[in-house]
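The exercises below are to be worked with the sequence and the model in view. Each task is followed by a solution that goes step by step.

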Amino acid sequence: MTASLSSDSAAAAGDLSTSRVGKAATVSVLLGALVLAALPMVLPNYQVSVLTEVLIFAVLAMSIDMLAGYAGRTSLCHGAIFGTATYMTIWLAQDGSSIAVAMIAGVLMATMLAAVFGMLAIRTSGVYFLLLTLALGMVVWGICLRWTSVTGGENGLRGPGRPEFLNDHVSFYYVVFVCVALITLAMWRIVRSPFGLTMRGIRDSESRMQALGYNVPLHMFAAFTISGFFAGMAGALYAVFNNFVSPSAVALVLSVEGLLMTIVGGVGTLFGGFIGAAAIIALENVVSLYTERWQSVLGAVFIIIMIFAPDGVLGRLKDGFGKWTSRSSR
Amino acid sequence: MNGLSLLQILNGLTFAALLFIVASGFTLIFGLLRIVNLAHGALYLAGGYVGYSAATTTGSFLIGTMAAMGAVALIGLVIERGLLRFVGDNEMRQVLLTLGVTFLLNDMLLVLYGGDTFTVPVPELLRGALNWSGFFYPKYRLFVLGLGIAVFILLWLLLNRTRLGALIRAGVDDAETIAALGVNIRRIFLFTFLLGAALAGLGGVIGGAFLTLYPSADAEILVFSLAVVIIGGRGSLLGAAVGAIAVGMLNTIGQVMFPELAYFVIFGPMALLLAFRPLGLFGRSV
Amino acid sequence: MDRRTFLFAGGSLAASIPLSGSWMARAQGEPIRIGLMAPLTGVVASGGREMVDGFQMYFAEKGGLIAGRPVEIIVEDDGANPDIALQKARRLVEQAKVHLLFGNLLANTGLAVANYVESTGTPYFIPIIAADDLTQRHRISNVIRVAGYSASHFPRPLADWALAQGWRKAATISQDYTFGHEQCGGFSQVFRAGGGEVIGQFWHPLNTSDFSSYLGQLAGLGVDVIFAMETGADATRFMQQYRDFGLKGNIPLIGAMNMTDQSVIRTMGDEVEGIVSAAHFAEGSTVPATQEFVARYEAAYKNLPSLYGFAMYSGAMWIDEALKSIDGDISDTGAFLAAVSKTELTGSPLGTAVKLDDYGNPIYDVVIRSLRKRPDGRFWNEPIAEYPAVSQFWTYDPEEYLRQPAFSRDYQG
């Protein structure tokens with residue numbers, strides 16, 4: 001019985017370090033980055049702000065993937081970690097702190113929260129990990145909803161607005177683009193590092209890694225905290241983007257949507273987060289032009305993906321590509 | 001604000017009885033099929049709505065209850081045979097699939113019933129309050145308490161006094177061995193899934209009569225049921241009962257004594273328990 | 001099919017008013033695009049539906065015209081969620097290029113959108129969003145409460161009425177969020193000032209499934225009257241459990257208008273009889289204009305109009321009147337907003353003239369209403385007393401009043 005989502009394809013993704021697939025991957029990543037950099041020049045204003053949202057949520061999806069794809073743990077509390085950073089950023093900014101200081105504090109707060117959650121969660125795996133993180137996320141949501149004097153309760157908090165030079169959608173997009181590029185690079189380095197390899201080892205067999213002398217709980221704790229750190233970064237960016245925060249920023253739905261983006265993009269592919277975020281946000285924007293039944297569509301997409309393409313879009317492509325290359329090299 | 005009165009203890013227990021009815025179905029499915037059925041809350045709400053329709057049309061609470069259990073078992077059949085079959089044994093895929101079902105089913109219910117709040121009408125006999133020299137208590141809530149106990153006894157008899165129950169219990173511990181013994185485990189799985197779904201439907205009618213039915217009622221009951229099962233441990237009937245009482249009482253205590261932290265009072269202890277006893281109070285590892 | 005046209009056709013069909021195909025041809029100029037946001041999914045979906053119904057009913061009756069120009073209504077679901085509301089507002093303003101925004105139901109969605117339009121300058125009208133400070137301490141010039149009310153507005157005359165019944169000891173129970181804090185604040189402030197005593201105040205989370213522990217405490221306080229502020233499903237449950245625990249008939253229950261609104265009570269029975277509330281609108285009123293509106297609405301939607309349907313209908317009329325006064329020219333936002341503020345609404349279903357005070361909140365004749373059974377068995381709110389020309393500041397001096405802090409759990413006047 002497999003505890004993680006489609007660990008096979010994730011393992012396959014890990015093995016594509018060499019040769020043609022590796023080169024193809026590098027090329028497509030660079031191409032993707034180029035497209036993302038060029039798009040605002042051709043898109044109308046509103047679409048640029050949607051694209052900004054895609055970048056931010058891609059970071060959230062990738063932070064979930066760091067755990068799901070590389071440590072074999074599916075989290076349902078990353079939305080809460082993300083939103084904690086959003087809350088902290090807005091809370092400080094509305095009191096007059098500079099936006100940079102507020103964002104750093106937000107990320108720190110999210111990282112601390114992730115460390116606490118990590119300590120509680122590292123002992124569990126599989127479905128129990130999912131349930132525990134779900135419960136921890138609910139606690140955060142409950143606090144944000146009820147601690148009215150700080151969080152503004154149901155009404156949430158309103159930020160002071162973006163700094164002058166970021167008010168324009170396009171310039172804000174490029175700032176986010178640079179941030180997200182750096183964050184993505186950092187994440188990529190981490191999952192390719194010896195630490196990342198160890199995590200994949202743990203994902204495939206905890207007992208083997210234990211036997212080899214690795215401190216599994218410590219690695220797990222570190223992975224959770226690092227992943228929370230990145231989720232916090234996404235949350236801090238979101239605070240500046242939205243200039244507003246309410247309990248829905250820490251709600252379960254956000255964790256679920258983040259996870260769906262990860263899955264659509266392909267668990268264990270990291271960069272799939274961009275595809276997942278783009279697909280879900282685009283779908284939501286298109287669907288709501290025609291119908292109010294977004295929830296139904298979301299549910300149906302979830303069901304269809306789980307049945308037909310649990311490896312996600314990128315996982316599928318990679319599978320096909322892998323088969324193709326192995327056939328052609330034969 | 002002040003300590004717990006008899007009234008509050010009774011409130012906690014009646015809420016616990018409802019939670020037990022809902023969560024017992026959840027824990028049976030989780031225990032035997034290893035499926036965390038996140039659509040359980042949506043099944044509860046579907047049961048409540050169907051029960052409301054049937055009870056208001058026929059004027060009979062009993063017919064409403066039967067209709068709800070039947071209809072929800074049918075939805076369960078579709079989920080089990082029509083969807084879950086295709087995702088194999090992968091736990092995560094199953095969980096996320098049921099999450100998709102939740103979104104879809106909820107939205108469909110919103111289309112069918114609109115957003116109005118409905119209350120399942122209860123029989124004349126159960127309306128109003130009992131009065132012991134100035135101490136009022138609603139009759140219906142005492143009925144819920146009794147029903148919770150009855151469901152516990154019936155399920156206990158089913159699991160411990162019948163051959164089917166023995167197979168289910170054995171399946172909770174080791175499904176592969178049972179299958180190897182030539183028992184049609186698929187059929188037992190299906191039966192358990194339908195039974196669990198029907199219990200959600202029963203809960204929907206019972207709960208719909210005093211907690212009302214409205215969009216998002218499903219998420220609330222689901223979160224409470226999750227807490228019950230996590231505390232009690234997967235697949236354990238006794239665990240579900242103990243968990244339900246714990247959650248029901250914590251909920252009341254939270255509302256009365258720590259209104260600011262009402263949510264934390266339930267989920268804080270649960271998270272701690274899960275961190276240190278991942279399988280819950282009565283759960284067994286496989 | 002494009003949902004815009006679909007929705008408009010749907011709305012007019014529901015209103016059973018034949019819409020001739022020629023109005024487009026008759027109309028002059030480019031259509032006025034209105035972004036209408038309402039929660040069509042989520043906890044308050046039924047209220048959201050009625051917002052859309054009421055709004056579309058008005059334009060269906062006017063043949064799809066606003067001040068002689070065709071109107072294009074783009075409906076968006078805010079999901080009862082401020083983040084979604086914000087996203088939809090952005091789309092309506094930046095992509096659909098609407099001339100004005102309308103709607104939202106929950107205060108948190110309204111505040112999020114208000115925060116956004118503050119930077120874009122888009123006119124935004126809020127007949128339902130009642131957050132006090134939008135017409136008090138934090139006014140935004142392009143956010144106007146046409147046909148709406150502020151949260152603490154109506155509980156004040158209700159408190160005065162309660163004192164007149166000889167009640168001196170009260171308790172309040174309310175959902176724990178700003179809308180509740182403000183309504184209870186308005187009630188408590190006036191009740192205390194008039195010599196009454198508020199013995200206990202209970203705040204419970206939204207979506208409390210079980211009120212039993214609160215009811216147990218309320219029953220033991222020995223008060224003369226209980227003021228409750230509940231919305232949606234909480235309201236239904238509260239009133240039912242109030243009866244189930246034997247409080248009904250022993251302690252009079254009065255409440256916020258949203259608790260006894262049609263959107264709540266239409267699925268309920270005898271448990272609601274005799275509950276008293278205060279509002280600008282009462283569907284059981286004998287005023288001819290109100291009766292006509294109620295009859296038309298009932299014919300179109302098979303339900304008695306709720307606060308939401310009424311307020312959005314009147315809000316649409318308000319904008320129509322304002323635009324007529326400037327010949328439908330919406331290009332100058334400043335002039336348009338000034339026209340809206342100056343408009344005195346005479347033809348609304350209330351049957352009396354309504355205008356805005358200096359702070360942008362309407363002044364109303366407030367009625368005290370009691371829930372009574374109609375001959376057909378449905379319950380509705382019938383007026384039993386009236387307070388003419390009540391402003392959001394009650395009898396206080398606005399300048400002085402605004403120096404007190406906003407109502408919260410900790411500050412109740």
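Two residues are in contact if their C-beta atoms, placed from the backbone, lie within 7 Å. This is a predicted model, in which local features need pLDDT of at least 70 and side-chain atom pairs count only at pLDDT 80 or more, while totals for chains, interfaces and linings use all residues. Residues are numbered from 1 along each chain as its sequence is written, and chains are lettered from A and ligands numbered from 1 in the order in which they are written.

**Exercise 1.** Find how many residues of chain C are in contact with chain A, and how they divide by class.

Solution. Begin with the count: 23 residues of chain C are in contact with 23 residues of chain A. Turn next to helices, which are DSSP runs (H or I, at least four residues) numbered from the N terminus: helix 4 (82-95) and helix 5 (107-120) of chain C each supply at least two residues to this side, and helix 4 of chain C gives the largest share, 7 residues. Finally, the side of chain C that touches chain A divides into 9 nonpolar, 7 polar and 7 charged residues, where Ala, Val, Leu, Ile, Met, Phe, Trp, Tyr, Cys and Pro count as nonpolar, Asp, Glu, Lys and Arg as charged, and the others, Gly among them, as polar.

**Exercise 2.** Describe how domain 1 of chain C meets domain 2 of chain C.

Solution. The domain assignment, automatic or from a database, gives domain 1 (3-150 + 287-363) and domain 2 (155-285 + 365-401) of chain C. Their C-alpha centres lie 27 Å apart, and 28 residues of domain 1 of chain C are in contact with 24 residues of domain 2 of chain C. By class, the domain 1 side has 16 nonpolar, 9 polar and 3 charged residues.
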